Amino acid sequence: MHVEPVGVGLGGHSRESEARVPVVRRGGPDTSHGIILYVEGLTVSFDGFKALDDLNLYIEDGELRCVIGPNGAGKTTFMDVVTGKTRPDAGTVFFGQTVDLTRLTETQIAQAGIGRKFQTPTVFEHHSVFENLELALRGNKGVWHSLFARLSGEERDRIEEVLEIVGLTESVHARAGLLSHGQKQWLEIGMLLVQDPRVLLLDEPVAGMTSRETERTAELLTSLAGERTVVVVEHDMEFVRTISRRVTVLHEGRVLAEGSMEAVQNDPRVIEVYLGG
Ligand SMILES: Nc1ncnc2c1ncn2[C@@H]1O[C@H](COP(=O)(O)OP(=O)(O)OP(=O)(O)O)[C@@H](O)[C@H]1O
Ligand SMILES: [Mg+2]
């Protein structure tokens, strides 16, 4: 497909490019064709080994997409490229019609509205749940400013709303380090939500969770989709079955199959490389 590369020139670390990014943010990405992420021809090599090999993938605005596949299939690498952590050798990732994320820095991509959760929770253990959300809301202004500058009423409302969404209202004053593993994961999702992202990328969000916590996470992610686009990488097939609409199976850096969970789990190629074992 053809897209006008308006994002060209936004890359690098120049002041000008940093200053221009909020323009992307204010109007949001152009999703007039219904697609929010266009991944095309994406190739990432590590010492000649192709972790992504001409990957093509399209994610609709508001979708809840599950990405599954065997270890080493390239799932995390895919998220690394979308978030600017890894630069591809070839290919593009358009955020809407006009912004090529491969030309933006990690910070610019986050500011443009793409939030990412890594597998291990990275909350500030010594701060309270509220303070963690406050720090995330203030983002780049620094810890000192975040903890001592007063929140506006609007910011306070936003934090309270997010506490409600992630089910941590009653733990608002608890020290993050004392939360259960599942609660820490929810707090981290909350820390993304206060920044109001359009796209949320979650890498193995239910790993290590109890079954009750996994169920609650399924409800949470399902409730977030629609208004936001949610992309989930998981190995927990029970969980994927619960939340899935469209499922993409990656294998050797490419899309092996895509469709409903039922369709992909009955696909002989998928059974052979992943689900059969
Ligand atoms: N920084 C790196 N240097 C070298 N090889 C890497 C690097 N990052 C990833 N790889 C390799 O690229 C391939 C894809 O890795 P990736 O982490 O994307 O897989 P994955 O699908 O997320 O697997 P898992 O389900 O185990 O998390 C693997 O073979 C991995 O060893
Ligand atoms: Mg991974």
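Q: Helices are DSSP runs of H or I with at least four residues, strands are runs of E with at least two, and both are numbered from the N terminus. With that settled, which helix gives the most to the shell around ligand 1?
A: That's helix H2 (residues 75-82), with three residues. Quick caveat: this is a predicted model, where local features need pLDDT of at least 70 and side-chain atom pairs count only at pLDDT 80 or more, while totals for chains, interfaces and linings use all residues. Residues are numbered from 1 along each chain as its sequence is written, and chains are lettered from A and ligands numbered from 1 in the order in which they are written.

Q: What puts a residue in the shell around ligand 1?
A: Its C-beta atom, placed from the backbone, has to lie within 6 Å of the molecule. The residues around ligand 1 are Phe46, Ala51, Gly69, Asn71, Gly72, Ala73, Gly74, Lys75, Thr76 and Thr77.

Q: How does that shell divide into nonpolar, polar and charged residues?
A: Three are nonpolar, six polar and one charged. Nonpolar here covers Ala, Val, Leu, Ile, Met, Phe, Trp, Tyr, Cys and Pro, charged covers Asp, Glu, Lys and Arg, and the others, Gly among them, count as polar.

Q: Which residues does arginine 65 contact, leaving aside neighbours within four places in sequence?
A: Ile59, Val231, Arg246 and Thr248. A contact means two C-beta atoms, placed from the backbone, within 7 Å. As for valine 247, its C-alpha atom is 6.0 Å from that of arginine 65, although the two are 182 residues apart along the chain.

Q: What makes strand S7 mostly covered?
A: Five of the five residues in S7 (199-203) are buried. Val199, Leu201 and Asp203 sit on one side, with Leu200 and Leu202 on the other.

Q: How do you know which strands S7 pairs with?
A: Pairing needs at least two DSSP bridges between two strands. S7 has four to S6 (residues 114-117), in the parallel sense, and five to S8 (residues 229-233), also parallel, so both clear the cut-off. Leucine 201 stands opposite valine 231 in S8.

Q: What is the hand of the crossover from S7 to S8?
A: Right-handed, and the chain gets there through helix H8 (residues 211-224). The label applies when, with the strands pointing away from the viewer, the path from the first strand over the helix to the second runs clockwise.

Q: What makes helix H4 mostly covered?
A: Seven of its ten residues (129-138) are buried, among them Val129, Asn132 and Leu133. Just after H4, glycine 139 takes a positive phi of about 55 degrees.

Key: Buried ≥ 20, exposed ≤ 12 C-beta atoms within 10 Å, placed from the backbone.
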